Amino acid sequence: MSNVQPVRGTKDLLAQEMRRHSLVETAAEHIAGRFGYAKISTPIFEFTNVFARTLGDTSDIVTKEMYTFQDKGGDSLTLRPEGTAGVARAFISEGLKQQTPYRAFYSGPMFRHERPQKGRMRQFHQIGVELIGVGEPVADVEVISLGVALLRELGLLNDTVLHLNTLGDSESRSAYLAVLVDYFKGHEKTLSSDSRERLTKNPLRILDSKATEDQSIIANAPAYSDYLTTEASAFFTQVRTGLDDLDISYVLNPKLVRGLDYYSHTAFEFVTDKLGAQGTVLAGGRYDGLIEMMGGPATPGIGWAAGIERLSMLLDDVPAPIRPIAIISMGAEADRMARKLAYDLRLDGFAIDMAYRGNLSKRLKRANKLQARAAIIIGDDELGRDSATLRDLDSGEQQHVPLNELANLLMPFREDFGGA
RNA sequence: GUGGCUGUAGCUCAGUUGGUUAGAGCACCAGAUUGUGGAUCUGGGGGUCGGGGGUUCAAUUCCCCUCAGCCACCCCA
């Protein structure tokens, strides 16, 4: 093992793993495209306050997980820890209010300074969608159904369960929070130390505590459903009805709480039990106050993000690399002619491998290792006759073919590059 | 940020109760085979035993620190 190591929590994606990532990413882009979500790319870093202001001063992401640095002009910049804030900023900067409903799909690296773990990296990759400018519950249903469609496309729908909750509107939320904090304060002495922290930072989180000493207290806690305004309650009902109409199944999870301040109303997570403690694979919710909070026009929004690493770990089929056609030449003259042939065939859409050195035996071995479908062999014999030897590497059959018929005969061996 | 486990070749792992020059399988390179692959045989290259310090005549082995990986907590995709 070398001393030269990647930075903690980062990793190199080599051929096979890269193919898995690409598969997830292109599937997402295609599905999002069908729903009318256009791909966008926002910068990988933003002014620090883009994240600090929106994610909430007490959220873990802001208090301890951001990669923040000063640039040479003295501005405080931050590597994006998530995608929504950047899209919201772009929405404001670019005046996209004109284009609402605005639908965006993004994909790219995110950065959080956390302790690495299974399914958790300091640089990781997310795909995500945002639907901005639609306050009606149909938007929630559409965005969730887009998530379902992606998981279905990846063959992962059966590995996940959709958890659904509502965080209500701000009126419901402040009413409930008051009651809840009051209740937990009454049990402060018996709460776990983590939950005592949460009492000031994020009381809703206590409901999701894993500490055994908290369980009985949680069980008797007041229920959010009793404090929802009729509007918030009706909104949630419409979301559920919409999901039912699409035959999308879900479980209600009153303990599902999002960590970031900007969420309201619908919150959802697709969870798997196959990734250890990091079971959340695709999650999101509604963020009606976010854009206004950032200084833009009051505009509702909803979206989700999914972890490419986590999704690709669930994939059991590793996409195979393209099977090339090997061109094998012998002799200086044949070699020059074969290089030209390789170039022409590549321009024609074929995947061609051609070794740089080695005798026929070596090159066939190499072709075999690359899983080449066929080999085109060109030596002195073939040169003199303007022909080539075409060998099917699966069957072992070979034939002499005139050079001008080669491209046609190769058609059965043409590889589809889609997705790979 | 907290706790537990683990670091020997590119990969998977042996080994050393502290003692010459640290091994195997797979992978890689070459030859058997200067025009025929997937098999076999022969040979070869590749190691700061994660890094630093300490104890010792002697450390890959024991001790301390550190770095990294894995797992869990916290939190999240």
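This is a predicted model: local features need pLDDT of at least 70, side-chain atom pairs count only at pLDDT 80 or more; totals for chains, interfaces and linings use all residues.
**Notebook: strands, a helix and one serine**

Started with strand β7, residues 160–166: six of its seven residues are buried, so the strand is largely enclosed by the rest of the structure.

Next I looked up what β7 pairs with. On β9 (residues 264–272) I found seven bridges to β7, with the two strands running antiparallel. His 163 turns up in both pairings. Its bridge partner in β9 is Glu 269, and in β8 the partner is Val 251.

**The three-stranded sheet**

Which order do the strands of the open three-stranded sheet take? I read it as β2-β4-β3, with antiparallel pairing. The edges are β2 (45–47) and β3 (67–70), each of which pairs on one side only.

Then I went into the β3 and β4 pair. Strand β4 covers residues 76–79 and is joined to β3 by four bridges in the antiparallel sense. I picked out one facing pair there: Gln 70 stands opposite Ser 76 of β4.

What lies across this set of strands? Helix α2, residues 48–55, lies across β2, β3 and β4. I noted its angle to β2 as about 75°.

**Ser 107**

I moved on to a single residue. Ser 107 sits in strand β5, which spans residues 102–111. Buried or exposed, I wondered about Ser 107? Its relative accessibility is 17%, and the cut-off for buried is under 20%, so Ser 107 counts as buried.

Which side chain does the side chain of Ser 107 make a polar contact with? That of Glu 25, at 2.7 Å. I then listed the contacts of Ser 107, leaving aside neighbours within four places in sequence: Glu 25, Gln 126, Ile 127 and Ile 308. So Glu 25 is on the contact list and is also the polar partner at 2.7 Å.

**Domains**

Last stop, the overall layout of chain A. It is divided into domain 1, made of 15–169 + 229–314, and domain 2, made of 325–417. How far apart are the C-alpha centres of domain 1 and domain 2? I have them down as 48 Å apart.

Definitions and conventions
Residues are numbered from 1 along each chain as its sequence is written. Chains are lettered from A and ligands numbered from 1 in the order in which they are written. Side-chain values use heavy atoms; hydrogens and water are left out. Two strands pair if DSSP finds at least two bridges between them. Contact means heavy atoms within 4.5 Å. Axes are lines fitted to C-alpha atoms, for helices over the stretch in contact, and angles run from 0 to 180 degrees between N-to-C directions. Buried means under 20% relative accessible area, exposed over 50%, partly exposed in between (1.4 Å probe, protein chains only). A polar contact is a pair of N or O atoms within 3.5 Å; within protein, one must be able to donate a hydrogen and the other to accept it, and residues adjacent in sequence count only if both atoms are side-chain atoms. Domain bounds come from an automatic or database domain assignment.
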